[in-house]
Amino acid sequence: MSTHAPSSPSSANDTLSYEQAGVNYDLIDPLKISAQRAAAATGAHLAGHGFSEVLASRGESAYVVDVGPFYIASIVECLGTKTLVADEMRQLTGKSYYDSIAQDTIAMAVNDLITVGATPLVVQAYWAAGGSDWFGDKQRAQSLVEGWKRACDVCQVAWGGGETPALAGIVEAGRIDLAASCTGLINPKERLSVGDKLGAGDAIVLLASSGIHANGLSLARKLVERLPQGYLTEIEPGLSYGDALLAPTTLYSPVTEALYKAGIQPHYCANITGHGWRKLLRHQGKFTYRIHTVPPVTPVLKFMQEHAKQDDREAYSTLNMGAGFAIFVPAADAARTVEISKACGIDAWVAGQLEEGEKQLLIEPLNIRFSDDDLQLR
């Protein structure tokens with residue numbers, strides 16, 4: 001615990017930002033852009049195999065290859081630091097949270113893959129521990145296995161295999177770094193969703209999150225220093241801060257599959273992860289994204305914003321604030337999209353629309369504006 005950190009929420013006068021928690025996207029994003037440029041030069045290698053890349057997928061959440069009769073999409077994602085919360089909570093409660101952690105890891109990959117219109121097909125696991133002892137804890141290890149399989153069943157994907165290295169000296173002893181890759185099919189090809197059909201008049205449908213999901217955990221962990229009971233601080237009767245943080249990330253592929261079966265073709269999708277609601281500006285098109293309805297903020301995110309002393313702009317630029325996934329559909333399909341999502345057990349709202357004009361996101365109920373300069377991912 002930092003010696004300079006306030007001991008209680010009432011004495012915490014300073015705003016706690018994501019950068020103060022150790023994550024600075026201004027430093028990370030330039031590397032991503034540099035890597036994308038280098039990677040783009042390798043796409044020509046596919047021609048030697050008789051295939052080609054879908055150029056518009058460069059810089060999107062998943063990479064797409066044209067193999068003739070259909071497209072193949074692929075993605076790899078790591079979980080990040082949510083395992084640290086699970087480890088701390090296990091010491092405090094004796095419970096293993098790795099079944100939920102497994103779902104988080106798969107969701108990081110699957111929820112990105114489906115943004116391009118893909119049906120998830122195969123998931124691979126990467127579980128890198130700080131030593132072999134991690135795998136010797138049978139309760140924790142079995143919890144991870146059971147949660148991983150259950151998430152695969154929800155997404156109707158095959159768990160193809162994985163890698164379980166013991167990386168002492170790289171990964172800290174007693175810790176584990178979790179990641180997943182996912183491969184999917186876009187079949188028929190008309191399901192491809194890379195924003196080429198996105199246009200003024202399209203509706204923005206937001207799907208509910210279950211909580212913090214798996215982004216913003218560095219901030220969440222830093223905030224513990226300000227809480228008198230740490231992770232056991234109640235955010236509402238019977239719900240601790242730690243338990244609320246560990247609610248598993250919502251899996252959105254059942255919704256996108258149900259939309260396809262209902263004949264609804266999204267014009268674009270965005271997984272609201274790092275960068276918060278700024279991710280609604282991900283597509284390169286020049287549109288104004290006008291939000292008229294803001295979903296209710298989940299209790300844990302409301303608690304975080306309050307105790308981190310963040311204003312709305314800071315909170316919505318970092319956290320999902322109750323909306324974990326955005327689907328851009330023709331206005332005529334918006335209400336039906338909400339109905340289908342709710343039928344899958346995920347609340348949803350017709351939150352706004354696209355308009356011609358300057359590239360910006362206007363969250364009108366909160367008087368927040370994000371411009372094109374606020375999100376530089378490519």
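**View 1. The lining of the largest cavity, with seven nonpolar, four polar and one charged residue.** In this predicted model, the residues that surround the largest cavity are I114, G117, A118, R191, S193, T256, L259, Y260, I264, Q265, P266 and C269. Helix α8, which spans residues 253-261, supplies the largest share of this lining, namely three residues. The volume of the largest cavity comes to about 100 Å³, and a search of the whole structure finds two cavities of 30 Å³ or more.

**View 2. The second largest cavity, with a volume of about 80 Å³.** The lining of the second largest cavity is made up of A107, M108, N111, I212, H213, A214, N215, T249, N271, I272, T273 and N320. Sorted by class, the residues of this lining are five nonpolar and seven polar, with no charged residue among them. The largest share of the lining of the second largest cavity, three residues, comes from helix α3, which covers residues 98-113.

**View 3. The crossing of helices α3 and α5.** Two packed helices are described by the angle between their axes and by the distance between the axes. For α3 and helix α5 (residues 138-155), the axes come within 7 Å and cross at roughly 40 degrees. The crossing in which α3 passes α5 is right-handed.

**View 4. The residues through which α3 and α5 meet.** On the side of α3, the contact involves Y98, D99, A102, Q103, T105, I106 and V110, while α5 contributes R140, S143, L144, G147, W148, R150, A151, C152 and C155. When the residues of this contact between α3 and α5 are divided by class, nine are nonpolar, four are polar and three are charged.

**View 5. The cis peptide bond from N187 to P188.** The peptide bond that leads from N187 to P188 is cis, and its omega is near 5 degrees. P188 is found in the loop that runs between β6, residues 176-186, and β7, residues 203-208.

**View 6. Q156, a residue with a positive phi.** Although Q156 is not a glycine, its phi is positive, at about 55 degrees. Q156 lies in the loop between α5 and β5, the latter covering residues 158-163.

Terms used
Residues numbered from 1 in each chain as written. Predicted model: local features only at pLDDT ≥ 70, side-chain atom pairs only at ≥ 80, totals over all residues. Heavy atoms only, no water. 1 Å grid on protein atoms, 1.4 Å probe; cavity = no way out; pocket = protein on both sides within 12 Å on 5 of 7 lines; lining within 4 Å. Points joined across faces, edges and corners; volume = space filled by probe spheres on them. Helix = DSSP H or I, 4+ residues; strand = E, 2+ residues; numbered from the N terminus. Nonpolar A, V, L, I, M, F, W, Y, C, P; charged D, E, K, R; others polar. Axes fitted to C-alpha atoms, helices over the stretch in contact; angles between N-to-C directions. Left-handed = near helix turned anticlockwise from the far one by under 90°. Contact = heavy atoms within 4.5 Å.
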